[in-house]
Amino acid sequence: MQPLDQTVLATAPPAPRRSPLAEGALSRWRAPLSILALLVLPFLLPSQALAVNVLIYGLYAVGYNLLYGYTGLLSFGHAAFFGTGAYVTGIAIGTFGLHPLAAIGLAVAAAGVLALAIGAVSIRSRGIYFAMVTLALAQLVYYAALQASGWTGGENGLRGFTVARIGLGPVAFDILNPLTKYFVVLAFVGAAMAMMSRILASPFGSVIEAIRENETRARACGFDVERTKLLAFVLSGLFCGLAGALFAIHLSIVPLDSLAYNTSGMAVVMTLVGGAGTFFGPFVGALAVLVLEDALSLWTPHWQLALGTVFILFVLFLPRGLWGTALARLATMRGRP
Amino acid sequence: MDWGSLDLELIAMQLFSGVALGAVFVMLALGLSIIFGMLGIVNFAHGNVFMVGAYAGVFVMERTGSFWAALLLGPLLVGALGLLVERFLIRPLAGRPPDDALLLTFGLGYVLVEGVRILFGSDGLPFATPEELSGVVDLGVGFFPIFRIFVIGVVALVLVALWVGLERTKVGLIVRAGARDPEILRVLGVDIERLWLWVFGLGIALAALGGVLAAPMRSVNPEMGNVVLGEAFAVTVIGGMGSLLGSVVAGLLAGIVVSMTALLAPEMASIAMFAFMALVLLVRPQGLFGKPGLGA
């Protein structure tokens, strides 16, 4: 029990994992630069379906990163929001015949409401306790979806809501074309990235980082730590819900797995491999993990053995992740501390 | 026989099943709590260790044909693996934030699942109840499977052994002191690293023992660990992190809640434990036996 208390009270907090370039030019232009990088991505990858997956999982990890990387809360239950976004989209289109855009809006709202409920229960527990509580609550959502098979299709997943065109009025895009689909998804992801950049640059963004660095001090400075954490949790859930909604439209099927423990774990893996607490890191992590899967699953069904091993090596030797380490190198080269 | 006595019999049966189920939860939660209490880390591979324990049991049973050998050697083999993990993966993380060890064990979970898939295949394996423990016995209110009584007995034995070991021996005294203040213990000349090594191994062996005991009661497959992890966490959160008494009480309670829900509303059985946890969290964020300030 001692080590926990020490991390709260010790004068030297755990080594921060954010980029030292936080105030630089790269940071000011981070949203446009990220979108620019994602614009060329489909032409560099072997398949456009893979590129769409990078976008969707990248956005999922970006939402997760707001909570883990910036607020310092290690959640293991974010599949609940991703999966809810996906299921609500599928049900809204398939069962109620809603317009895809309205379905996406509804899905994001539903994920936000669920995040409010799960956050309200879990936010009072700290540190590793928080990870366990969020995991268990996500299992609750998983089993609820499994039982409500009339709505969700149970173990077979949700089917029958294929979206061929997306848009408003005369401006509609044919998303059966893989490249068009990529850019339609990128429009959503780009808007979300711009929003995320605004959130991080706001006073709220500074407060969550203050909480991550030293919760006790942030509290002493007069910030309402609980409400700030809850807000970060809900915002994070909204982004993950959007990622889930796009996932449903991309696949035209929602597997039960989208709510499972492994999907929660994927957010953790991608964020950490890319670089927790960096703006573009989650996309780098999603790209790295999905390319690894794509390459290895040609050779062996056991590619997750490599994934686990790589992840362990990252925790041991490269805890800042690929992008975080690259940013730190860049800063050293420029002669900044 | 009237309906009243039949119901009573059914309820007694379910209660008993709940205690047997809960006994396995107790093994899991105890291992988690012991490791957390000493090393201050949460083992996210705990569910998968349970799964590996079940497979180790299958492996030993195939080689020796004896359930008793499986019961003894399975946990020992997996516990030895735990010693290696502590020495070469956990120990290098000393001085890093506690999240790092958590993340590492989470990655280890992938390795364990795929390792088992490679060695034993992706399909589930049958694990028959050993012949000498199959059958039922009449306890007055109903017929109970002997194996479940055996499971409860083994867990009770382990609990007594742990209690004697912790409260009545010199090593136990050192372990308890180490959980309170490792620095003072180091100053007094105790090799705390070695202590952590063996406590980690013990926690892992307990989870593996739970796996061997549960194998005849639930299906053995590589994915069972992820399901079990959620259950183990729910029990630990209900009982209060780091509290051994809490692990025991919460494990039994959770088992009874699950099996009683299975009787009254079968479709809610898998949800019951987690809903119970959410309820406990709302009323007592630190868990039933947890100290405030530790987690909440």
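**Figure 1. Contacts of Gly90(A) in chain A.** Gly90(A) is in contact with Leu158(A), Phe161(A), Ala248(A) and Val254(A), leaving aside its neighbours within four places in sequence. Two residues are in contact if their C-beta atoms, placed from the backbone, lie within 7 Å. This is a predicted model: local features need pLDDT of at least 70, side-chain atom pairs count only at pLDDT 80 or more, and totals for chains, interfaces and linings use all residues. Residues are numbered from 1 along each chain as its sequence is written, while chains are lettered from A and ligands numbered from 1 in the order in which they are written. Gly90(A) lies in helix H5 (residues 79–94) of chain A. Helices (H or I, at least four residues) and strands (E, at least two) are DSSP runs, numbered from the N terminus. Gly90(A) counts as buried, with 31 C-beta neighbours inside 10 Å. A residue is buried if 20 or more other C-beta atoms lie within 10 Å of its own, exposed if 12 or fewer, and partly exposed in between; C-beta atoms are placed from the backbone. Trp151(A) is 61 residues from Gly90(A) in sequence, and their C-alpha atoms are 9.9 Å apart in space.

**Figure 2. The loop residue Ser252(A).** Ser252(A) sits in the loop between helix H12 (225–251) and helix H13 (261–274) of chain A. Its phi is positive, about 60°, although Ser252(A) is not a glycine. Most residues other than glycine have a negative phi. Ser252(A) is partly exposed, with 16 other C-beta atoms within 10 Å.

Figure 3. Strand S1 (residues 165–168) and strand S2 (residues 171–174) of chain A pair in the antiparallel sense over four bridges. Two strands pair if DSSP finds at least two bridges between them. Leu168(A) has Val171(A) in S2(A) as its bridge partner. S1(A) and S2(A) form a hairpin with two residues between them. In the turn, Gly169(A) has a positive phi of about 55°.

**Figure 4. Chain A as a whole.** Chain A has 16 helices and two strands. Its radius of gyration is 20 Å, close to the 20 Å that the globule rule gives for 337 residues, so chain A is as compact as a globular protein of that length. The radius of gyration is taken over C-alpha atoms, and the globule rule is 2.2 Å times the number of residues to the power 0.38. The C-alpha trace of chain A spans about 55 × 45 × 40 Å along its principal axes. Of the 337 residues in chain A, 52% are buried. Among contacts in chain A between residues at least 6 apart in sequence, 74% join residues at least 24 apart.

**Figure 5. Where chain B touches chain A.** Here 46 residues of chain B are in contact with 41 residues of chain A. On the side of chain B that touches chain A, the elements giving two or more residues are helix H4 (98–120), helix H9 (224–239) and helix H11 (269–283) of chain B. H4(B) gives the most, with 16 residues. By class, this side of chain B has 30 nonpolar, 10 polar and six charged residues. Ala, Val, Leu, Ile, Met, Phe, Trp, Tyr, Cys and Pro count as nonpolar, Asp, Glu, Lys and Arg as charged, and the others, Gly among them, as polar.

Figure 6. Helix H6 (residues 170–180) of chain B has the buried residues Val175(B), Gly178(B) and Ala179(B). They cover an arc of only 100° around the axis, which puts them on the same side of H6(B). The arc is that of the directions from the helix axis to the C-beta atoms. The face of H6(B) turned away from this buried side carries the exposed residues Lys170(B), Leu173(B) and Arg180(B).

**Figure 7. Leu252(B) and its surroundings.** Leu252(B) is found in helix H10 (residues 244–264) of chain B. Leu252(B) is buried, with 22 other C-beta atoms within 10 Å. Not counting residues up to four places away in sequence, Leu252(B) touches Val19(B), Gly22(B) and Val26(B). Phe25(B) is 227 residues from Leu252(B) along the chain, yet their C-alpha atoms are separated by 7.4 Å.
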